[in-house]
Amino acid sequence: MGEFEVHRVRFFGLVPAGVRCLACQPRGARLALARTDGAVEVYNFAANYFQEKIIPGNEARSVEALCWAAGDRLFGAGLGGEIAEYDLSRLCVAHSVDGGGGPIWSMAANSSGTQLAIGCEDGSVKLFQVVPGGIQFERNMDRRTGRILCLSWHPSDTHIAAGSIDALRVFNVSSGQTVQRIMVNYHVHKVKRECIVWSIAFLSSGTVVTSDSFGRVQFWDWERGTLQESHTVSTSAVLSLSVSEKEDSIIVGTSTGATYQFQLLPVKTGSLEKRWVRTKPFQYHTHDVRAVAHSSTALISGGLDAQLVIRPLMEKMQKKGYDAALRKFTFPHRRLVSCARKARLLLFQFSQHLELWRLGSTDETGKDGEVLPLCRMPEHLVQLKSKGPEHIYCSCVSPCGSWVAYSTASRFHLYRVQYKGDSVSVKKVPKVPKLLLPAYQLQFSADSGRLFIASARGSVHVLQLLEPGGCKHLHMFRPPSGCPDAVYLLAVSADGHWLAAVGGDWAIHIYNLKCFKHHCTVPTYNCAVTALAIHPITNNLVIAYSDQQLFEFSIPEKQYTAWSRMVQNSGLHKAWLERDSPITHITFNPKNPSHILLHDIYMFCVLDKSLPLPDNSALLMNQSTLKQLPETARQRQLHAFKICKKFQPLLFADLLDDNCLVMVERPIMDFKTQLPLPIQQKKFGT
Amino acid sequence: VSDQKPLGCWSVKHGQIITCPVVCNFETHEYIAVHDDKVLRIWKNKDINLDKVFKATLSADVYRIHSLPNGGPVVLFKGGGVRTLDVLLEAPQQEIENIISDEVIKWSEASMEGQQPVLIFATEKDGNFFVYVQKLKMNRLQKYKLEQQELSKPLSFTAYIKNQIITLLCLYSNDSVYEVLIPLQQTSEEEEQILSKSLILKLSVSGSVLKGTSFVVLDKDHIAILGSLAAPGEESKECLTIWNTKFQTLQTSKELPLGTSGQLWCYEEKFFFTHGKVLTVMMYKCETSSLAAAVGKLKDSQTPDVSSFVNWNTLADEELVVSFQSQQSVALKSESKMTLRSKRNTVAKVQPDTLSVGQILLNLKDASTTVFEDELRQLMSKAQMPDFQASIGCVITALIKRCKTNPKYYPRNFLLHIVETRDLSYSLCPDLMSVALEKKDVHLLQICLQRFPDIPEETTYACLKVFLSISEAYLQRIDVNLESVICYIDVEFNNKEVKTEIVENGFNAELEHDIWDTKITKETHPTAGELCPVGPQKAALLNAVLQSAYSEAFLLPHLKNLPAQQAVLFLRYLYYLYVKCSEKINTALPGTRSPTISQIMDWMCLLLDAHFTVMVMLPEAKELLSNLHKFVRAQVRFYSELNKIEGSLQELQRRNHQKDSQTYSIEVLELI
């Protein structure tokens, strides 16, 4: 098929923030996650665990606890002392209330989702009522000194268990009084160290489960104040704990990166007496596991190594499918890199700054696998720092490289970048039009003449860019039927005729840019769109969904193409469908109209529509096999998916010109070295 | 329990005495106490003052109240009358009959049989003991008299119900536990029956005797006894013991230096007993008992071809059934199993209706050799016999018997065939190996060693001795399975004479080679480890010994008897194997059924333990020992160096990775 000159870029110094807390929506299909930088993410189980929503962080707002209340309302609380409610359609903080007890360490919602309890630095536990449009302070519980690090409601909502340092307490919700106080290190003699109760769970049987800094998971009878069972899990702290809805399984996370499952099992087969037994150990993380969650079918853990691991419980699986795969997410399901093809520039988005790099070049050519000598090194041109505590939502560089735009929660910035020889000048474009912020996605047109801004309520703004550094608002598109959610993906055709936009309801709207009209809507498919792009020649829209399905939709004809129908009829290869990370970027090769270039974190793929699709008996990743075959024998083995897994983890891949690719990698080891050292564990007795 | 705190405390008024243990009604969560023999008190957790709670005064003295998990409490009166609490509370002053006249209740227990509560109690009068079984729902009382025992009397009782049979265990003052079986469904009502008892356990271990005070049944093979262990001439120690009744062994014991009150309870795999001033709770676990476990010979599960051998558990189960049924009629079907269990029965017991294996064997007792063998072959071909495994055992026993009586008779091939094709075990045919040893049938012994999972150490040792003592010349003529040695043994030493003077380009290559060789060997290999000290046949036989299961404690005393010369030879061979193992990177010998390095090392250690003083004294062993020492030291050094290299390699890998993690490169990628 051909050789590519690959610019292998590893200087994108992204360090994903560690996972701080997790919250499964009760009886729902969503998982909320907060990172140490304050970012909140929502994963959708139904959409193949797609990272559906990202609310970027804020330096002034840490999140220590997340919880779902009143159905699908998400609340967060942190060391700033405020309880914030998140607007999941506008992806920002809707409103926040001061807790009044200093930094908040913990928060829990009752089973009906009508009340929130928070545990504060000053040792107080406060109750808030969840009311439409906000929350209202209700009452204080009996206060003692010692920060409340964890909280749990009894399923009947009558009592709250709270973990503190050296002790746990149980409150009566209606009277607010402490009805039990248990010293957790009462049994450990001569201990000088304090014992921190990191996590707590209140079971309906009246058992309180705690995990503490001594590495123990303990089961207490709260009424009697007696210890029922104690399991020492680790030599270091057990930081997190979560109970399944049926209360028959518990997952705990430790500071050594190990997670363990406990199960309530009969002591003998057929026996009525059940006991908690440590059943499965897992070691997926290298750092502290600060957060765990237990969904009905999976154990979920998040660590300071930024990994989110979803380990399905095979015994709960009906059949082998998407749900049965172990998933590890380290990087966002979203592009943080944009590329100026013509100018050969890369723009990297960090949480609070942007970096603009110029790629190097070579004069040589070589054979497969060779590393070519560089005649020009890559160059770090500009670093743009965002002011204020807000983190960046999105950014983009224009294809010509002379425009850079980014948006935070409250501000939108457009810069004009000029290159004179070796020097670079950056000029901020004054008087950008007032828009409904934040912007969720930015996209320049192929001729760099227009900028498209994805906004809330399904709207897309079109800005006209003016030389030598100005802009004006041209139009705002809005879906005819309306849409409450923000647009999160945009695609524009090379001829500047069409614009495709995807909102939070996963509907894809296509707008005509010539006459500023809504053109059509792609038939709804009940899965999240992870990437889309418009073919430069045929104007076919290629769509990748989170269930790994691929569709091709002809915009002029307003229908799926014949190839797309053929793909749906014959089905994609099993190995393709079982991949666990979504396609994050699609692009095309104008010289080879039948080629679609796509990638996820673990692979880069050239999809050749002119070749037959592989059936399940064929090998999907067959490149290395093909390379060993003689030319004549190859023909029979060829199929449409040409997959390269050499570059991992792949954050971005794009085609610069017909045989020149850029691949942005972020080796896990590179950012692991920037994380704080994990707890050293002895290996092999050394 | 380390964290003991009372959850509730109630007391009666001064002058009143609580006269029977307080029980909890599990259904209503009420506590029931009796004070002053007649006054019943019932209260709940919330009640604080015992004086103000429900009170009922009864017309007769209460012996004890039993609380059943789903049957409600049952009250046993001192006169032997039984009422459920509900019935009693309806009319507290109702008349209670006196059944047992002037007998005194010694013990009582209640349990559920299906849906009906059953109360069992034992009484005493003038040294006679009686057992009463009261079925409450049917209101039927059965009285039995316990068989008299001279010079001793029951101290403690415990009972459980299984399969409609009450098993009553009695701890007698002669330090024995007896078992009494009482069928629940008994029709003959009028006369008093005498219960016979059978001894199931004598509480003595190597001279010391356990004076039991109380005991509980853990499962069908295990009982736990609390008592004091008294050895002659020593102070007695109080301890908790678990005994295996099937094999009459003391499974475990725990000393209780602070003393106990002599009471023991057991609930959900935990013991409860007082130890000093605290209540101690102890978890226990009883594994399914097997003879192998009882004598510490549970075979390694990783041994590859474990043949299925006699399942002791099923056998024992059936035996149990037999003993039950034997009260009414003799069990018919398990006859053949019985024959194998005790040898004297092998031919003695005859089955009238079906022609059993025992019968055939009896018939063949006096037949001629050829007829005998033909018949046995025929018998063997009947593959679908019900107790095939056991029958095979009988066949072999018969064969061996014949061998013993007729010293000239030895069906070598027939025995070999049986051992090779059937899954046998040592315990199924214990005499087979001793006969084979007598006849020096090393091939059969090799097969037995490879196949039997339960050879006693004594026999293993006897095999080893025979193998070592047998001459190489004799072995050359014998067919032995060589698959365990064929892959590694070097036949070089045989060719040594052939490879004489080879002149290459005018030089004597051999000479030069020799010099070179000795140099090398001096530097790297100890000379003794070079060549195999035994022939391949002997090596194969020794390998069979190396791979058989054993426990050190039992083997060591026998191994001490090995003559010094043989011990040195064996050690030399082990050393050779060890060197061979160490040549390979995975420290494993090639080929199937070859011994593993840990088996070799274990035997080497064992042999050295057994013969160390002799070895040190023997001049010919000296060099071997010093070579062995040097080699082991070299190995230790080698591995420590490897550890260092591992570190360096990791560092290299890290650097390599760093080089790899250049931040930017332009590479060529070809997609086909």
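1. Surface of chain A. The model discussed here is predicted. Chain A exposes about 27,300 Å², and 51% of that area is supplied by carbon and sulfur atoms.

2. Composition of chain A. This chain has 686 residues, of which 61% count as buried. Its secondary structure comprises five helices and 56 strands. When contacts between residues at least 6 apart in sequence are considered, 49% of them join residues at least 24 apart.

3. A loop position in chain A. Residue A:A325 lies in the loop that runs between β28 (308–312) and β29 (327–329) of chain A. Neighbours within four places in sequence left aside, A:A325 is in contact with A:I310 and A:P312. The C-alpha atom of A:A325 is separated by 9.7 Å from that of A:L313, and these two residues are 12 residues apart along the chain.

4. A sheet in chain B. Attention now turns to the second chain. Here four strands form an open sheet with antiparallel pairing, and their order is β12-β13-β14-β16. At the edges stand β12 (154–162) and β16 (197–202) of chain B, each of which pairs on one side only. On average, neighbouring strands of this sheet are turned by 25° against each other, with direction ignored.

5. Strand β13 (residues 165–172) of chain B pairs with strand β14 (residues 176–183) of chain B in the antiparallel sense, and the pairing extends over seven bridges. Which residue of β14(B) is the bridge partner of B:I166? The partner is B:I182.

6. A helix pair in chain B. Helix α10 (residues 442–451) and helix α11 (residues 457–469) of chain B have axes that come within 11 Å and cross at roughly 140°. An angle over 145 degrees would count as roughly antiparallel, and one of 65 to 115 as roughly perpendicular; α10(B) and α11(B) are therefore oblique to each other. The crossing of these two helices, α10(B) and α11(B), is left-handed.

7. Residues at the helix crossing. On the side of α10(B), the contact is made by B:V442, B:L445, B:Q446 and B:L449. On the side of α11(B), the residues that make the contact are B:T460, B:C463, B:V466 and B:F467.

Key: Residues are numbered from 1 along each chain as its sequence is written. Chains are lettered from A and ligands numbered from 1 in the order in which they are written. This is a predicted model: local features need pLDDT of at least 70, side-chain atom pairs count only at pLDDT 80 or more; totals for chains, interfaces and linings use all residues. Side-chain values use heavy atoms; hydrogens and water are left out. Buried means under 20% relative accessible area, exposed over 50%, partly exposed in between (1.4 Å probe, protein chains only). Contact means heavy atoms within 4.5 Å. Accessible areas come from the Shrake-Rupley method with a 1.4 Å probe; for residues, only the protein chains shown count as cover. Two strands pair if DSSP finds at least two bridges between them. Axes are lines fitted to C-alpha atoms, for helices over the stretch in contact, and angles run from 0 to 180 degrees between N-to-C directions. Angles under 35 degrees count as roughly parallel, over 145 as roughly antiparallel, 65 to 115 as roughly perpendicular and the rest as oblique. A crossing is left-handed if the near helix is turned anticlockwise from the far one by less than a right angle, and right-handed if clockwise.
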